[in-house]
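Here are my notes for you to read with the model open beside them. Take the points one at a time and find each piece as you go.

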Amino acid sequence: MNKNKEQLLNKRYKAEQRFRLYGLSAIFMALLFLTIFIFKIFSTGYSAFQKTWLIVPVTFDAELMMLDQNPSKEDLQDADYYDIALKSMADLDPNANEDQENELKRMVSYFFEKEIKNELLNDPNLIGKTKEVYLTASDDLDQVFKGNYPRDLPEDQRRVSDYQLKIFDQLVANGKVESKFNISFFTNADSREAELAGIASSFMGSIFSILVCLMIAFPVAVLAAIYLEEFAPKNRFTDFIEVNINNLAAVPSIVFGLLGLGVLLAIFQLPRSTPLVGGITLSLMTLPTIIIAARASLKAVPPSIREAALAMGASRMQTTMHHTVPLSMPGTLSGTIIGLAQALGETAPLILIGMVAFVNTIPGSPMDPAASLPVQIYIWAESAERGFVEKVSACIMVLLGFLIIMNLFAQIIRHKFEKKWS
Amino acid sequence: MIKIKAKDVDVFYGKKQALFNISLDIEENQVTALIGPSGCGKSTFLRCLNRMNDVIDICSVKGEILINDFNINDKSCDVVRLREKIGMVFQKPNPFPKTLYENVSYGPTIHGMAQSKQEMDEIVETSLKKAALWDEVKDRLHEPGTGLSGGQQQRLCIARAISVRPEVILMDEPCSALDPIATAQIEELIDELKKEHTIIIVTHSMAQAARVSQNTGFFHLGQLIEHGSTDKIFKNPDNKKTQDYITGRFG
């Protein structure tokens, strides 16, 4: 009998140990995958925050620019920079033939003309003089400089020719290639050229979408939650509504996208590809999340507080607005932020309402066409060019950073307000 | 003088009947204790008096309850006005998670009882003084009410209840969560409050009923078995069940 008991006890201890082991290994696995994922993204993406520049001497030849003596500001604006830009690239190799001059031109971005123009606009005294100007390297050379380019491939399988590599290596040897922080990644809109592509459009698109989503979903959801929790009678009809709200939370997001397409774009004729439509579509998706969070936090307010207020002669409305709702706000707000974070990472519905379009302008309002961060990731990940690979990871990093900040904010709200009265 | 007159009150929770035919008169400016074993319906009856049972969806109340000769179960009765006149103190101290000052000033604020900040300060001070809490908290009126001890919290709830000068105060086992010292303070307070208010107290402690009340009603299984002066109920009850309960033979 005694021995039996001891065996039983041992068995129980062993079971507990096994259980702990399972738990630990599960956590370990999760952390391992997370680490691999983050490491992969960072190791691919960090180089996107650096941009390669070629330092090229440019001679601001007034004749080539078709400028008269003492040009005005407008003249400088309208001047022809293409020829001097072309010439300064061609001058990198005095012996270049016409084909090679073309290849030299393709070593920098098509933006080089603009960059030279800006240089002169900043300092009009440069006319007639020669100055070394920073020109954005083409995305392939950018990758070459970052060491991401397979130089040992046969030439016909590469987009960079042997000639370009030769000149580039000379420039590197002379210290005429520099890597600087990639500001344009944050200030430029999308571009077909990887070296010029930036996230400004999609970032603003995301912000506008989230704001529209917040402004629609939050008040509607909170009012719905307050009504259902505090005022609605508990009967079959409200049960039915509750079940359907929970179902709504489980509807795949692409269905909401179709709804946006069919209703907002087709029936209401709202402007396509805009954060306005995106935000409305996302708000439909976020609505049930916020309602559920708000109801849960309303439920968590102890009934004794309601009774206290009612017994003081407060009306139901006063009880709700003075006591229950303020007490439930921390939970509601953090639920809202988590719902918004979900919406921020949503891609499928936005693709359906056209936010996947190529947008090379930065939106100034929710009515302007824009992309959004996750859609931008999708667009770049689809691009064949090598230069976009690191951009995808960098964009993921920005999106993750955004999400982490939002979640942190949710935590802070919850903590700050809960601490106050405990 | 009779303050409250309950006539043939039946209470149902859904299909289940919780109170049967309760008729009870409650004297003005006296303490009436409602005693009985758990689940006998004494709290349910208490909650009928300020219509707190309205909050429970499935609960329905039948019969007449006359307060100042006005039937509070009548459709024309406004619960907000009713609860302004009939305050309530609950079993567990339930101060609002706000400051002491806000706790006491809440009732006068929503009922518009103070014209100025000064008037409100006065109401808060007198209420806290009447609840014998003023001296302990006068320096920290703007600290959270939830930071007080259990007994202080309950006195805060009493101060909150009397801040709107109710005619009747209902107390639902106000001392069951308190230690003996805090209980003694509350009992003393009840004695003091009955000068201005009619008090009805539900209690599990027969000793407490004997100490604080002038009248006692004994409930059992949803029925009012016996009621009368506390002296009579405790010393010479008519009913055998009352006798058994009081002497501790059941309950």
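1. Start with chain A, which is split into domain 1 (47–182) and domain 2 (200–421); such bounds come from an automatic or database domain assignment. Keep in mind that this is a predicted model, where local features need pLDDT of at least 70 and side-chain atom pairs count only at pLDDT 80 or more, while totals for chains, interfaces and linings use all residues. To find your way, residues are numbered from 1 along each chain as its sequence is written, and chains are lettered from A and ligands numbered from 1 in the order in which they are written.

2. How far apart are the C-alpha centres of domain 1 and domain 2 of chain A? They lie 46 Å apart. Eight residues of domain 1 of chain A are in contact with seven of domain 2 of chain A (contact: C-beta atoms, placed from the backbone, within 7 Å). On the domain 1 side, that makes three nonpolar, two polar and three charged residues. Here Ala, Val, Leu, Ile, Met, Phe, Trp, Tyr, Cys and Pro count as nonpolar, Asp, Glu, Lys and Arg as charged, and the others, Gly among them, as polar.

3. Now look at where the chains meet: 22 residues of chain B contact 16 residues of chain A. On chain B, α2 (79–85), β6 (86–89) and α3 (100–110) each give at least two residues to that side. Helices (H or I, at least four residues) and strands (E, at least two) are DSSP runs, numbered from the N terminus. By class, the chain B side has 11 nonpolar, six polar and five charged residues.

4. Chain B also has an open, mixed sheet of six strands, in the order β6-β7-β8-β3-β9-β10; strands pair if DSSP finds at least two bridges between them. At the edges sit β6 and β10 (223–229) of chain B, each pairing on one side only. In chain B, β9 (residues 215–220) runs antiparallel to β10, with six bridges, and His220(B) has Gln223(B) as its bridge partner. Helix α6 (residues 150–162) of chain B packs on this sheet, touching β6 and β7 (168–172), and makes about 170° with β6(B) in direction (axes are lines fitted to C-alpha atoms, for helices over the stretch in contact, with angles from 0 to 180 degrees between N-to-C directions).

5. Finally, follow β4 (residues 59–67) of chain B. It pairs antiparallel with β1 (residues 2–13) of chain B over eight bridges, and Ile67(B) is the partner of Ile4(B). With β5(B), β4(B) forms a hairpin with two residues between them, and Asn68(B) in the turn has a positive phi of about 50°.

Conventions
Contact = placed C-beta atoms within 7 Å.
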